[in-house]
Amino acid sequence: MKANEFDCIVIGAGHAGVEAAHAAATIGAKTALITISKETIAKMSCNPAIGGLAKGQIVREVDALGGLMGLAIDTTGIQFRMLNRSKGPAVQSPRAQADRQKYQEFMREALEQTANLTIVEAITTEIITENDKVRAVICNDKSVYRTQTVVVTTGTFLGGMMYIGSDRWAGGRLDEPSSVELSQSLKRMGLELGRMSTDTTPRLDGGTVDVSKLQVQPGDEPPVPFSFMTEKIDRPQVPCWITYTNEKIHTLLRDNLHRAPLSSGQITGTDPRYCPSIEGKVVRFADKKQHRIFLEPEQESIKTIYCNGIFTSMPKDVQEQMLKLLPGTENARIIYYAYAIEYDYCPPIQLKPGLETRKISGLFLAGQINGTSGYEEAAGQGIMAGINAARKIQGAEPIVLGRDQAYIGVLIDDLLTKGIDEPYRMFTSRAEYRLTLRADNADRRLTQIGKSVGLVDQKRWIKLQNKLRAVAKLKSYLQDTRSHGLSLWEQLRQPNNTVASRIPSIASNVLAHGSMDTCPGDDVSQAVIIDAKYEGYLAKQERLVASFRALENRKIPLDLDYRKIEHLRAEAKEKLSVFQPSTLAQASRISGVTPADITVLQVYLKKIKYGYIRF
């Protein structure tokens with residue numbers, strides 16, 4: 001293979017691109033990652049944090065599959081918290097503040113050390129196709145790179161326009177150019193594009209913020225790691241702080257709404273509902289007297305502070321006045337003003353479940369180009385796109401995670417069936433099987449899959465096998481040991497039992513004997529306690545999953561002409577023709593498709609002799 005020939009080319013080195021390139025190369029595909037600069041790899045262009053509600057589960061899943069994000073945040077995090085500690089394990093999610101620069105450095109070094117991966121500093125301007133198949137990419141320096149697969153992970157760069165008040169300029173991120181030529185190239189290939197927008201927050205000089213007026217938000221002790229390969233995190237943590245807006249700030253924002261680009265009509269893209277601008281919140285929740293703002297350090301040295309909650313594109317003078325009215329930031333110096341960015345995206349109904357486009361063979365899309373928001377959602381798509389690009393080279397079927405297997409599966413299925421007209425953000429409420437899709441068991445759910453595709457290394461695999469043996473041995477002991485007429489396992493399932501507090505010491509005794517080649521860590525004890533607590537609920541959920549599995553396994557030909565199906569309602573024909581679901585289960589989740597329509601479709605598929613196909 002020549003120097004400018006690759007199996008896979010990844011365009012863009014954000015959070016989706018990093019995972020895609022690492023996955024494809026690790027599996028064995030000769031991969032090129034094309035980025036404007038090595039210095040901006042995995043740049044945290046918005047909040048300096050990883051994880052959060054439901055997002056933390058995705059990071060654990062990326063890690064379990066063999067990805068980088070969990071290891072990166074464990075190495076560079078400056079504060080760790082487990083959200084929803086007062087609630088059940090199914091909705092508990094890890095979150096951590098990162099040292100932004102160290103996070104980027106970790107990712108760059110990890111990619112530089114990845115075999116089969118070449119990092120190219122350039123701007124991609126065109127994707128060349130032949131007979132609707134990817135053939136090459138062209139860069140701004142006229143260089144041509146031949147390839148069989150391309151993964152586009154361009155974030156907010158496609159046709160990016162930036163706004164602060166009435167100021168407007170082309171850009172993909174602060175001080176970085178937008179990509180207009182690539183947008184045009186995608187259109188020429190026949191892909192549909194839309195527009196979305198998002199806001200950032202001001203960054204403040206940490207030394208000019210008066211934290212004595214603020215509520216301190218410390219990290220958890222001890223911190224809980226993201227990666228299943230991290231034994232512990234024992235370095236000091238930095239605090240965050242909480243402050244609140246007030247009526248004076250709300251009045252200021254209302255009086256200047258006409259100067260905000262979204263309100264004035266300058267921005268036509270859809271604003272994120274779940275991460276709205278501060279002026280949007282003031283209008284939408286007019287009865288609220290205050291809104292909580294988190295002041296989050298961006299480095300261990302607290303050189304700059306991110307104002308989480310002040311997402312805005314208001315003019316600079318309004319941003320300055322707002323901060324003077326906010327307790328703790330009255331004399332703060334703004335290092336970077338908040339801005340809005342509007343960008344092109346590809347409505348994801350144009351994708352197959354493996355994230356390959358329906359129209360162009362070998363072209364995969366991942367991240368914000370698919371209409372999502374968030375580093376974690378991007379990483380989840382990126383690792384799956386990288387895996388499936390490599391598998392296409394191998395001639396293997398794509399890996400498609402089910403809704404009952406992973407939050408990543410829920411995410412991708414939603415993109416393909418719901419229709420995205422605003423930036424998509426993951427929530428635990430989106431997952432109907434969230435009792436199974438917990439943050440604590442992602443390794444038990446997905447590491448086998450990562451191993452089967454060649455992404456999980458032997459060290460991780462051995463660690464998982466040791467854990468599984470330890471969990472099985474401890475469970476067996478608890479089920480076989482009786483006290484007061486019940487087994488310890490039965491007692492552990494009861495509310496307010498005293499057995500749970502004794503599990504770590506029981507585990508130490510049980511696992512210290514025999515041929516166990518692992519030390520009983522907290523993860524083993526917690527796995528057993530949670531398994532016991534949820535045993536009845538999980539059994540009920542598994543029955544529900546089984547009832548839907550038949551629909552999940554019933555594939556639909558992608559070239560099926562729904563217009564020819566008699567007795568199928570007109571709305572169903574229209575929706576199914578647009579979304580082109582790959583299974584009956586996907587078809588059932590499309591808005592406007594009824595159970596009666598699914599029955600008609602089942603009968604039709606049986607009539608044309610498309611039977612059950614097991615994955």
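What follows is a short chat about a predicted model of a protein chain.

Visitor: How many helices and strands are in the protein chain?
Guide: The protein chain has 19 helices and 22 strands in this predicted model.

Visitor: And how compact is the chain for 615 residues?
Guide: Its radius of gyration is 25 Å, close to the 25 Å that the globule rule gives for 615 residues, so the chain is as compact as a globular protein of that length. The C-alpha atoms fill a box of roughly 75 × 65 × 55 Å along the principal axes.

Visitor: What share of the residues is buried?
Guide: 57% of the 615 residues count as buried. The protein chain exposes about 25,800 Å², and carbon and sulfur atoms supply 50% of that area.

Visitor: What about contacts along the sequence?
Guide: Take the contacts between residues at least 6 apart in sequence: 74% of them join residues at least 24 apart.

Visitor: Switching to charges, how far apart are the mean positions of the positive and negative ones?
Guide: They are 5 Å apart, with 79 positive and 69 negative charges in the protein chain.

Visitor: Now one residue. Where is A439?
Guide: A439 sits in the loop between helix 11 (407-417) and helix 12 (442-453).

Visitor: Is that residue buried or exposed?
Guide: A439 is buried, because its relative accessibility is 4% and the cut-off for buried is under 20%.

Visitor: Which residues does A439 touch?
Guide: Leaving out residues up to four places away in sequence, A439 touches Q57, R60, Q92, P94 and F228.

Visitor: How far is A439 from A286?
Guide: The two are 36 Å apart in space, C-alpha to C-alpha, and 153 residues apart in sequence.

Technical notes: Residues numbered from 1 in each chain as written. Predicted model: local features only at pLDDT ≥ 70, side-chain atom pairs only at ≥ 80, totals over all residues. Heavy atoms only, no water. Helix = DSSP H or I, 4+ residues; strand = E, 2+ residues; numbered from the N terminus. Rg over C-alpha atoms; globule rule 2.2 N^0.38 Å. Buried < 20%, exposed > 50% of the residue type's maximum accessible area, 1.4 Å probe, protein only. Contact = heavy atoms within 4.5 Å. Areas by Shrake-Rupley, 256 points an atom, 1.4 Å probe, with all protein chains shown as cover. Lys, Arg positive; Asp, Glu negative; His and termini not counted. Charge placed at Lys NZ, Arg CZ, Asp CG, Glu CD.
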